[in-house]
Each structure stands twice: as structure tokens, then as C-alpha cells.
Protein chains: 2
Amino acid sequence: MYLILLFIRVVITIHSLTIINKYDYCALDNALIEEIKSYKNITTKIMNDIINTDLGPNMYKKYTEFIDKFGARPSGTEVLEQSIDYMVNLTIDAGIKDVATEEVEVPHWVRGFESVQMLEPRVKKIAVLGLGPSISTPNEGITADLVVVRSFNDLDKLPDEDVQGKIVLFDEVYTNYGDTVVYRVKSASKAAKKGAVASLIRSVTPFSLYTPHTGYQHYEKDVPKIPTAAITVEDAALLRRLYEQKQKIVLNIKMFSTYDRKKSRNTIIDFKGSKFPNKYVIVSGHIDSWDVGQGAMDDGGGMMISWFVPVVLKHFQLRPKRTLRAILWTSEEAGLVGAAAYLERHINELDKINFIMESDEGTFKPLGLDVGGSKTAQCIIAEILKLFPTIDKMTKSGSPGSDIVLFIKKGIPGASLLNENDKYFWFHHTEADTMEVQKMEDVVRCAAFWTAISYVIADLSVDIPRQ
Amino acid sequence: MYLILLFIRVVITIHSLTIINKYDYCALDNALIEEIKSYKNITTKIMNDIINTDLGPNMYKKYTEFIDKFGARPSGTEVLEQSIDYMVNLTIDAGIKDVATEEVEVPHWVRGFESVQMLEPRVKKIAVLGLGPSISTPNEGITADLVVVRSFNDLDKLPDEDVQGKIVLFDEVYTNYGDTVVYRVKSASKAAKKGAVASLIRSVTPFSLYTPHTGYQHYEKDVPKIPTAAITVEDAALLRRLYEQKQKIVLNIKMFSTYDRKKSRNTIIDFKGSKFPNKYVIVSGHIDSWDVGQGAMDDGGGMMISWFVPVVLKHFQLRPKRTLRAILWTSEEAGLVGAAAYLERHINELDKINFIMESDEGTFKPLGLDVGGSKTAQCIIAEILKLFPTIDKMTKSGSPGSDIVLFIKKGIPGASLLNENDKYFWFHHTEADTMEVQKMEDVVRCAAFWTAISYVIADLSVDIPRQ
């Protein structure tokens with residue numbers, strides 16, 4: 001069936017589309033528009049076959065089994081390596097031999113016992129999650145007065161002597177993740193520069209059920225490293241109220257962890273192109289997760305729908321012109337470590353990457369793509385999106401994805417999955433990142449869309465143009 | 001100003017309304033309808049004065065300070081008694097001398113260390129909250145295979161030998177609280193009858209961020225007591241999936257607690273009636289809470305808006321004909337213990353209670369009342385609710401409130417606060433029951449409505465008729 005559709009499509013495609021590079025606005029050549037339109041039957045069939053047969057549900061079942069079997073898969077751990085082996089074997093079992101892993105040295109930060117106790121004005125346990133890779137406290141913990149600020153600006157205004165020897169809590173206002181996460185990443189060094197002995201942040205989330213959110217933080221060079229952790233929205237608000245009432249607040253913070261470096265692996269799965277096997281369209285997600293929760297949403301879903309693309313295209317015997325490469329990045333959560341290693345190793349082959357895609361912001365109901373790259377690239381993707389009724393939204397944030405931002409900065413066009421992820425940050429980096437977040441219908445639709453659109457991009461007669 | 005309004009109202013009221021008892025449908029006497037309508041200026045003024053001056057916000061401030069100062073106030077604890085003393089003093093400070101406490105013997109169940117570990121098929125920590133008053137496990141915990149069922153019916157179908165010596169997990173489907181909570185209350189004895197050594201339930205909630213919910217459970221007489229606890233929705237689903245895959249699941253459960261009995265107190269605050277001081281309209285909420293969270297929603301809000309009624313009426317010098325009594329119940333969470341003690345102590349004075357109200361299902365945006373009692377009682381309340389645009393909804397569940405159900409069963413008419421509490425059970429009996437749930441605007445509107453409507457009921461020329 002796919003062969004017949006392909007034949008019909010090829011007949012109506014005109015191969016004179018190099019013209020598109022000359023334009024930097026959406027005046028795409030009619031022939032290209034017609035070529036894109038000619039994929040309608042194929043994309044419809046791909047979507048239908050994945051959604052309305054066992055293919056999609058079976059993928060979801062494999063996904064559930066994977067998450068249930070391994071749970072959290074933090075950077076540098078044995079369980080992450082076991083989960084990588086498992087996905088390699090699953091790929092081979094699906095009949096794909098072109099699967100390889102590439103070694104990467106990754107951080108291995110292991111959370112130990114953590115506690116925060118309010119000692120004054122009353123004794124209260126404060127739920128906490130250390131931010132990786134925080135240093136440990138002394139064995140007896142750090143006991144100090146608390147200073148509460150709402151912003152870096154507020155902190156800057158305080159005299160150093162008001163902060164020295166104290167614990168600083170940033171009860172920052174959540175606006176959106178991009179703007180607010182700077183408090184997670186930078187607060188330790190900001191507080192340390194003022195002489196603080198530890199820093200806490202309000203968890204970066206718009207909603208909480210007394211839910212602490214962990215995540216990556218960065219110690220600035222030549223600034224003393226201090227222990228740093230996230231507390232809940234609820235406790236941050238309580239502590240701020242007490243502070244505003246000028247009550248003396250004393251906390252004890254205990255945090256223990258270990259840090260070393262380990263070997264991990266990026267996983268690379270190819271479905272070789274029929275015409276340009278050395279040109280790549282990459283679909284990707286990261287296989288590692290934080291140590292809390294099950295890494296089902298972040299990024300089990302994105303990893304799984306990307307893994308599924310070469311597997312199901314192979315099953316369909318639907319081979320695009322370019323190679324469709326799925327990459328399961330390792331150690332994204334420790335700072336895009338796997339992606340950076342891939343970039344370094346393949347630095348001389350970047351011209352071969354035609355388009356790079358990542359799903360790392362949820363696999364809720366799919367909506368479209370966030371596209372980075374030249375305006376013409378965006379115009380072509382916008383035209384392709386017209387093939388997907390209700391999944392045709394396009395945004396241009398400038399930096400789609402997480403790992404792939406490294407590639408987009410190098411001028412490679414790419415896109416991340418837009419989906420109905422307005423609750424994504426409720427679950428992000430918490431114990432609540434479980435399979436309960438992931439509804440089968442949504443994940444299957446994401447997988448179907450991800451497969452169909454990456455197929456079209458990989459099969460187009462023209463490359464996606466760069467800047 | 002209130003006196004002028006009262007005067008106008010009295011003039012147009014006709015005192016010949018005993019007829020209403022003769023009717024059991026909503027053919028209220030016109031004179032009563034006119035009398036009720038005549039309260040419009042007063043209720044509007046009460047609402048406005050509370051909402052649009054400092055009165056409401058100051059009440060909310062007192063409420064926040066109370067919750068922040070004491071946090072959780074479990075039955076039998078010193079902190080509960082301190083919080084009762086605090087409310088007594090707050091009442092006296094507000095100029096009300098008619099405040100008394102009545103001693104009650106209450107359960108004192110203290111949660112100790114609790115943990116559930118999945119040992120097979122992989123090691124995973126399972127978040128847990130014991131259900132009070134669960135017994136403890138042995139020191140080494142209970143290690144046993146897990147059986148997962150979805151209902152009591154499913155359990156009944158299993159041969160006893162499949163359950164004996166095992167841990168039973170009830171992964172019941174949440175429909176609504178009333179129907180689902182039976183799994184919390186009854187599962188331990190149901191499982192023990194089949195020979196189980198411990199029981200777990202899926203937390204009773206429609207939504208979870210990996211949030212365990214505690215609550216009261218009941219050991220049946222002459223059935224072996226076994227340790228019993230709630231786990232999260234997410235882990236219940238995981239364990240069910242593993243069980244359905246016929247994987248061997250082994251758990252270790254450790255739960256330690258102590259149990260004894262202590263003295264506590266109901267708090268009774270009267271604003272004496274001008275005409276019938278020995279007739280009572282009661283407004284109430286419970287001051288105790290579970291040991292997790294801060295008891296802000298359950299039932300700090302309901303307790304506070306009820307406390308506020310005599311206080312603000314006294315401030316207004318707006319004395320109704322009947323005595324307006326606020327009761328802060330103790331030990332509701334351990335099984336309506338304070339309310340039962342009040343009922344027993346005052347059993348010969350029940351005819352003096354004209355109407356009894358309770359707010360124990362949230363103080364979100366107010367919507368109206370859930371009314372229990374005779375049809376005529378309901379008709380009168382419906383007529384009164386017409387005074388409150390947008391807060392005029394009336395339901396007739398048959399058993400409004402929690403503590404007051406004991407009184408309604410005795411034929412006393414009563415009502416509980418209807419409010420926009422569709423998320424109530426997200427927070428209920430969890431660490432997430434904090435001031436973050438309680439928006440000032442909503443609580444103030446609840447307090448204003450609670451005050452105005454209880455005033456009208458206490459001031460009507462007729463008693464609310466019984467069955």
C-alpha cells in the first residue's frame with residue numbers, strides 16, 4: 001500500500017526546487033507546495049495505521065513496560081545503562097540492525113539523606129529536594145537564620161552583613177519556566193557571593209500539592225560552593241509570611257550526596273535513506289531522567305516516540321530518501337552532556353544533518369512544532385504542517401528543544417514537539433513524573449505525528465535550507 | 001445604621017407565621033416571604049461591611065496567623081489544646097465574654113516512622129501515610145507478597161488461600177468521596193477477614209502529584225487488627241500493572257504509632273439572643289486537623305468563619321432574636337468525637353437548637369447551602385437564599401456537614417456551606433492542606449455569607465420547623 005502511494009506521489013513531484021533558497025519569505029515554489037501536498041495520502045495512512053491498529057497501543061505498552069521496569073534513570077547510574085541496553089535490544093528485536101551506542105563521560109551525583117527543619121519560631125519539617133550537583137552540608141547540618149527575598153534584585157539591595165552566615169530563601173514569583181528557572185540555576189552562587197551559607201528556592205512550578213521540584217544548578221567559578229535545594233511553594237510562602245512579620249526564623253539543613261563521573265552512552269538508531277543515506281533527519285529524546293519520579297514524562301515519552309520512528313517506518317517498509325536517525329540522548333538532565341558529546345564527536349559532519357527534532361516538553365495531545373532555523377525552513381515546515389489537521393500549529397521560539405539547541409545554534413534547522421503541555425511543570429522533576437501523566441491516546445497521537453512529519457522531511461526532494 | 005435597618009424591617013414584618021408548620025411544600029405564607037425579603041438591606045450591608053472594609057481581610061489575617069502559628073492540630077495533642085486556648089483568648093480580645101470550653105476525652109494516635117518498600121520485582125520506595133488509628137507493624141516490618149484488587153467484590157471472589165499471609169492493595173476506582181471513602185474506612189478489616197497481614201489503599205482522591213492521603217479507618221469488632229495505610233494513586237497504578245502482568249511483588253511495610261486517650265475541649269462562643277436567648281442557631285467548624293499539612297482548609301477555614309459570626313455581629317451590635325452560638329468542635333478527624341460528646345452532654349436541650357450549621361468542605365468561593373431537615377425548613381432556607389445573589393444555590397443531600405450529621409439525624413434542621421470545592425479532595429488529608437489553598441477573597445466572601453445568613457435564621461420571627 002505504501003509503495004502505491006509513493007508511486008503516485010513521485011509522479012506528481014517536480015524536481016526543480018533549488019529555487020527555495022533564494023527566497024527568505026514564504027513564497028515557496030508552487031512545485032514544492034504541490035510536492036508537499038502530495039504527501040497527504042501517506043501521512044494520513046501513517047497516522048491511521050499507528051492510531052487505529054495495534055501499532056500505537058503496542059508502542060505505548062512497550063513504553064509502560066520500560067518505565068515500570070526501570071523507573072528513574074539518573075545520569076551515571078547502572079540502571080540508566082541497563083535501560084540503554086534494554087532499548088538497544090528492543091531495537092534489534094524490532095528488526096533494526098543499524099543501532100549503535102557512543103560512549104560519553106557523564107556526571108554521577110547521588111542524592112543521600114536530605115532534611116530541612118524549621119527550629120524557630122516553631123518546629124516544622126520542610127519538604128526538600130537538593131538541586132544537583134549540590135555539595136553536602138557538614139554531618140550536623142547547617143543551622144542558621146533565614147533571610148527571604150523575592151528576587152536577585154531584592155538580594156542585591158541587602159547589605160552583605162545582613163546575609164553573611166545566613167541561609168537565603170528565594171521565594172521568586174513563577175511567571176514562566178524559562179524566566180523563573182534562573183533562580184534554580186543561579187541562586188546558590190548569587191547567595192554565596194553575599195556570604196550566605198546555604199540557599200533554598202521556591203520550587204519552579206505554577207502549581208503544587210506540597211511538591212518539591214529538583215533540577216540542575218550551576219556553581220559559578222571562583223565563588224564558594226554552598227549547599228542548595230528546593231522547597232515547596234507552600235513552605236516558601238509560609239517562611240516569607242513569617243519573615244515579613246519580622247519573626248526570627250532558624251532552619252537546620254542537612255544534605256548529603258556523592259559526586260563522581262561515569263561512562264554512559266548515546267544510542268543511535270538508523271533507518272537508512274534510499275537516495276541520500278549520508279544525509280540525516282534526526283528525531284530524539286533523552287533516556288536519562290532525574291532521580292525522583294519515574295522519568296515517564298521527562299523524557300520517557302519523547303525518547304519513546306523518537307525510538308518508534310525508525311522502527312515503525314521499517315515495519316511499514318517506508319524508506320525515505322534521507323536516513324532517519326533516532327537518538328536517545330544520555331545525561332540531558334546533568335546539562336545536555338550526551339548532546340554536547342555527540343556534537344563534539346560529529347563536529348565535522350554537521351553539514352549532513354538536514355533537520356534535527358526533539359521531544360522533551362511532554363507527549364500530551366500533539367499540537368504542532370516549534371521551529372528553529374531560516375525563514376525558508378520555517379516556511380517549508382509550515383507548509384508540511386498543513387498535512388496534519390489539528391496538529392498544524394507552528395511557533396518560532398528561536399530555541400526549540402533542549403539537547404538540540406546546541407545544534408540549532410550551529411545553524412542546523414530543527415524543531416521540537418508542541419503539545420498541550422500546560423500542566424507539564426506541575427510534574428517536572430518531581431516524584432509525580434509517572435505513567436499517570438501519560439495517556440495512551442495522547443502518546444500514540446504524538447508518535448503518529450512524529451513519525452509522519454519526520455518521514456516527510458526526510459523524504460522531500462529538497463534539503464531544508466540553512467541560514 | 002443597623003438599628004435603622006432593623007427598625008424598617010420590623011415595621012413591615014407581620015407576626016402571624018405559625019401557619020408554616022401546617023404545610024409540607026413551598027407554599028410559604030406571604031407574610032413570611034415578605035418578612036424574609038425585608039432582610040435584604042441588612043444582609044447586603046453585612047456582606048458589604050465584611051467584604052469591602054478591613055473586617056474581612058482582618059479576619060483572614062487572624063486566620064493566617066493562627067494556621068502559621070500552630071500548623072497541624074491533631075486530636076489529643078498539646079498543640080491542639082494550645083490552639084484552643086488561643087481561639088478562646090482571641091474571642092475575649094474581640095469583646096465576647098460568653099466563651100466556654102467543654103471537656104471531651106479524645107483519641108491520641110501519634111504517627112511514627114512509616115515506610116513501604118517494593119523489594120520485588122525491583123527496589124522502589126513507595127510513599128505512604130498510615131490510616132489512623134492503625135496498629136504498628138513488628139520492628140522488622142511486614143514482608144509479604146502483594147495481592148491487588150479493585151473492589152471488595154474482587155477480594156470476595158478470591159479464595160482465602162490466595163490472600164492468607166499476604167498484603168492486600170485496594171486500587172479502587174475513585175468515583176466520588178462518599179462512595180470511595182468506604183475503602184479507606186473498611187479495607188483493613190475486609191482484608192483481615194480473608195487472612196491478609198496488612199492492607200493498603202489507593203489514596204482517596206481524583207488527582208495526585210504523588211500525594212498520599214491519610215484519614216480515619218475503623219477496625220471491625222472481633223476481626224484481627226492489621227496495619228493499614230494509603231499509598232499514592234501513581235504507585236497503586238504501578239503495582240496493579242505489575243500484578244496484572246503476573247509479576248511477583250514483594251513489599252516491606254514498616255509502620256509505628258502510639259495510641260492513648262487525652263482530654264480536649266469543644267469551644268462554645270455565644271452572642272446572646274435579644275428575645276429568645278435560650279434558642280440557638282449554631283454555626284460551626286472543627287479546630288482539630290490531621291497530622292499532615294497545616295489544617296488550613298480542613299477545617300481551619302470553616303472553624304474561622306464560624307468563630308467570626310458572633311464576633312462580627314457583636315462588633316456590628318447586631319443582636320438577633322435567638323442566640324448565635326459558634327462551636328469549634330474538637331477531634332472531628334478521629335470520628336466526630338467532639339460533636340458526639342456535645343450531643344451527649346446536651347441531649348436534654350436539643351429542642352433549643354433551632355438550626356445547626358457547619359462549614360467543613362472548604363471555604364472556596366461560596367455558592368449556597370446544603371440543607372437537611374423538613375421540607376418546610378428547606379423552603380424557608382430557599383427563600384432566605386434569594387437574599388444572596390450568586391450564593392443562592394440549595395442542595396438537599398440529606399446529610400449535610402460532618403459533625404452536624406449527628407444532630408440532623410435527631411431531627412434538628414441544619415445546613416453546610418456549599419462552595420466551589422471541586423478541588424477539595426486534591427488537598428484533603430495531605431501535606432498540601434495549607435494556606436496556599438485559601439484565597440483571601442473567597443474566605444472573606446464565605447465569612448460574609450455565613451454571618452449574614454445565620455443572622456437572618458437566628459432573627460426570623462418563626463423557628464425553623466422540624467420534621
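Visitor: What makes strand S4 and S5 of chain A a pair, and in which sense do they run?

Guide: Two strands pair if DSSP finds at least two bridges between them. Strand S4 (residues 142-149) of chain A and S5(A) have 4 bridges and run in the parallel sense, so they meet that definition. Here helices (H or I, at least four residues) and strands (E, at least two) are DSSP runs, numbered from the N terminus. Please keep in mind that this is a predicted model, in which local features need pLDDT of at least 70 and side-chain atom pairs count only at pLDDT 80 or more, while totals for chains, interfaces and linings use all residues. Residues are numbered from 1 along each chain as its sequence is written, and chains are lettered from A and ligands numbered from 1 in the order in which they are written.

Visitor: Which residues stand opposite each other along S5(A)?

Guide: Val148(A) stands opposite Leu169(A). Val168(A) has Ser199(A) of S6(A) opposite. Strand S6 (residues 198-202) of chain A is joined to S5(A) by 4 bridges, and these two run parallel.

Visitor: Which way do the residues of S5(A) point?

Guide: Ile167(A) and Leu169(A) point one way, Val168(A) and Phe170(A) the other way, and all are buried. In a regular strand the side chains alternate between the two faces of the sheet.

Visitor: Why is Lys190(B) called buried?

Guide: A residue is buried if 20 or more other C-beta atoms lie within 10 Å of its own, exposed if 12 or fewer, and partly exposed in between, with C-beta atoms placed from the backbone. Lys190(B) has 21 such neighbours, so it counts as buried. This residue is found in helix H9 (residues 182-193) of chain B.

Visitor: What is Lys190(B) in contact with, leaving aside its neighbours within four places in sequence?

Guide: Lys190(B) is in contact with Phe152(B) and Leu155(B). Being in contact means that the C-beta atoms of two residues, placed from the backbone, lie within 7 Å.

Visitor: How many residues does each chain bring to the contact between A and B?

Guide: Chain B brings 23 residues and chain A brings 23 residues. H10(B) gives the most to the side of chain B that touches chain A, with 6 residues. By class, that side has 11 nonpolar, 5 polar and 7 charged residues. Ala, Val, Leu, Ile, Met, Phe, Trp, Tyr, Cys and Pro count as nonpolar, Asp, Glu, Lys and Arg as charged, and the others, Gly among them, as polar.

Visitor: What covers the buried residues of H10(B)?

Guide: The cover includes helix H4 (55-70) of chain A, together with strands of chain B, among them S2 (124-126) and S7 (228-231). The buried residues of H10(B) include Val233(B), Leu238(B) and Leu242(B).

Visitor: What makes the relation of chain B to chain A that of a two-fold axis?

Guide: A rotation of 180 degrees with 0.0 Å of shift along its axis superposes chain B on chain A, with RMSD 0.0 Å. That is the relation of a two-fold axis. Copies are superposed by least squares on the C-alpha atoms of residues with pLDDT of at least 70 in both. In chain B, the C-alpha nearest the axis belongs to Leu209(B), 3.1 Å from it.
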